[in-house]
Amino acid sequence: MRKTVRNLKVISNLRLNDNHHLIQLQSSEPLETIFPGQFANLLVENSAIVLLRRPFSIYSVDYKENTVSFFIKIIGEGTRVLANSPVGNFISTMFPLGNSFTIPNEREKILVVGGGSGVASLMILSQALCDNSNEVSILIGARSSTDIVSLDQFSRYGEVFTTTEDGSSGLKGYVTDHPLLGAQIGRFSRIYTCGPEPMMKAVAQRANLNSIVCEVSLENTMACGFGVCLCCITDTTQGHKCVCTDGPVFNINDLKWQI
Amino acid sequence: MADLSTTIHKLKLKNPVLTASGTFGYGVEFDDFLDVSMLGGIVVKGTTIHPRQGNQYPRMAETASGMLNSVGLQNKGAKYFASDIYPVLTKYNTNILVNVSGSTIEEYISCAEIINELDHISGIELNISCPNVKEGGMAFGTSCASIDAVVSAVRSVYNKTMIVKLSPNVTDIGELAKAAVSGGADGLSLINTLLGMAINAETRKPVLATVTGGLSGPAIKPVALRMVWEVAKAVNVPIIGIGGIMNATDAIEFFLAGASAIQVGTANYIDPLITLKIIDGIDSYLNRHNYSSISNIVGELQM
Ligand SMILES: Cc1cc2nc3c(=O)[nH]c(=O)nc-3n(C[C@H](O)[C@H](O)[C@H](O)COP(=O)(O)OP(=O)(O)OC[C@H]3O[C@@H](n4cnc5c(N)ncnc54)[C@H](O)[C@@H]3O)c2cc1C
Ligand SMILES: Cc1cc2nc3c(=O)[nH]c(=O)nc-3n(C[C@H](O)[C@H](O)[C@H](O)COP(=O)(O)O)c2cc1C
Ligand code: FES
């Protein structure tokens, strides 16, 4: 799993809605194996103000075509420039970075919970879980139905459920209001989640109460992405750990969350 | 191919490009990307006698052409370095310097004593300029009396090359440079980060958990160049220029201002191969201008 820096060519750029893009990049050389939960650090060129690379989960990978894709939510200058990358341009990428979710192969029942741009890391996760004969249920939470994209892709790997705060799709409320995280939670042996921290904490709390294994994928501000700057730490039972190398995936038992 | 070799006191560098402490880990983090032995040297992470957890997070804020950090010298301590990290570093065929920090003079001394025992470490860089620790750190680096005290104390226990890293958060860097040299510094490196701060207008809160942090990156290069130039006029020991070096041209500017070598910091995060590109770029510059050696341009600023 050697980390490399290479220039990948933008071969497609799909505008999913007002502020979400899916960009697909192609490498001229074979790709390193990428594990679910890993991320890449992308360079933002042609921007007068963005200096550091920006981290993005690897949304999907195709080893035959040597392509990787990224699901980008525009929140500032870096994501704006990257999301608007024209087809044919090259983007400098550094990957694969970080650790990955645990992939059991014993036909386990696993709930995958995503919110916001956090759903990005859950696509190849759901695929890997499904490929290893696990039974996957996918629960996506959003503010409104327009924020929920790429559901049909998820449905290839498991049954998909949604909650929206305005009730425009699926159950009205938060993911934690869904029976999958309530009355039915006992079905699952594992819960994996990526999304806004308050959401992940609420999910982790449910998992914890029911003694279900729970892995969360954290974000933090990163300068390097490969364990050098020590800017991206989080508190764990073994002291400060780097989200970029010891994470981004952590078992909730190792975090010092008050849940 | 021009002669890129340079010397800093007893250190013979195959080229003038080193990496700045805190921006290159222990070198091993870069093994996937490059052959670390091709560099003139590496300065490993800030090391203290006792393990340090460092500051709370957020520890980083990107600012215009720069970044603020408030890592706070997170490291596992000098003993762990000597027993667990040092043996791995002996595989590198380049100069390895340890950046030594402390909260008291005694801590600097104990740390330097441990490093002094390690054959493959060619020197230390005394960090009296860290803006991110409450006690010690930068406090030592901002008055002539305290610089002299800490530098001469470490000098008495450390007999290989001792570089002193200066803080830019001072009024007259030339005077402080003189104090470091009179304390026994074999060379000076500058600059460390500039104290700064970032505020999130939406939340009305500081971005960093520690409120203030150290600014690095291209934003600080003009300040660093000015300081290297002032220090070069004030003292007669070799200078290692640091601050916002992103490419070979930046490096050349530091040589012209009076630096005999340079360290690359923040740029390593953005392009882990940048140091090799800078070495190549320095070589092309020298060839293009018909200089046979790097020493031809050190301090050769045309006024
Ligand atoms: C491991 C990892 C994986 C990620 N995966 C994805 C992904 O797949 N898709 C995606 O769209 N985004 C992802 N992100 C988040 C993404 O990296 C940030 O949105 C991006 O760096 C913001 O850059 P910007 O220049 O647009 O925003 P900036 O201009 O840097 O910031 C705009 C505002 O957002 C805040 N902000 C910046 N970064 C973050 C962050 N990480 N979390 C919360 N607030 C932040 C800033 O403080 C600022 O107020 C991931 C982050 C990490 C650490
Ligand atoms: C995240 C980070 C950590 C740093 N840690 C140290 C340190 O431990 N000791 C030290 O002397 N300097 C430290 N520095 C300062 C750098 O070595 C260098 O002096 C500074 O970043 C300016 O150079 P640059 O603009 O090329 O980054 C650190 C800088 C950064 C960005
Ligand atoms: S981002 Fe630099 S150590 Fe994690």
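I began with ligand 1, which has 18 residues around it, and found that P55(A), F71(A), K73(A), G78(A) and T79(A) come nearest; a residue is taken as near when one of its heavy atoms lies within 4 Å. I noted that this is a predicted model, in which local features need pLDDT of at least 70 and side-chain atom pairs pLDDT 80 or more, while totals for chains, interfaces and linings use all residues. Residues are numbered from 1 along each chain as its sequence is written, chains are lettered from A and ligands numbered from 1 in the order in which they are written, and side-chain values use heavy atoms, with hydrogens and water left out.

Oxygen atoms of ligand 1 lie 2.6 Å from a backbone N or O atom of P55(A), 2.7 Å from one of K73(A), and 2.8 Å from a polar side-chain atom of R54(A). On its own, ligand 1 has 890 Å² of accessible area, of which the protein covers 71% (Shrake-Rupley method, 1.4 Å probe).

Which element gives the most to this shell? I found that strand 4 of chain A does, with 4 residues, and that strand 6 (67–73) and helix 1 (77–83) of chain A also give two or more; strands and helices here are DSSP runs, of at least two residues (E) and at least four (H or I) respectively. The shell around ligand 1 divides into 8 nonpolar, 6 polar and 4 charged residues.

I then turned to chain B, where 8 strands form a closed barrel in the order 3-4-7-8-9-10-15-16, with parallel pairing; strands count as paired if DSSP finds at least two bridges between them. Within chain B, strand 15 (residues 239–242) and strand 16 (residues 261–264) run parallel and are joined by 3 bridges, and G241(B) has I262(B) as its bridge partner in strand 16.

Last I looked at ligand 2, whose site is shared between chains because residues from chains A and B surround this ligand. Oxygen atoms of ligand 2 lie 2.6 Å from a polar side-chain atom of T266(B) and 2.8 Å from a polar backbone atom of S21(B). The protein covers 96% of the 600 Å² of accessible area that ligand 2 has on its own.

Terms used:
A polar contact is a pair of N or O atoms within 3.5 Å; within protein, one must be able to donate a hydrogen and the other to accept it, and residues adjacent in sequence count only if both atoms are side-chain atoms. Ala, Val, Leu, Ile, Met, Phe, Trp, Tyr, Cys and Pro count as nonpolar, Asp, Glu, Lys and Arg as charged, and the others, Gly among them, as polar.
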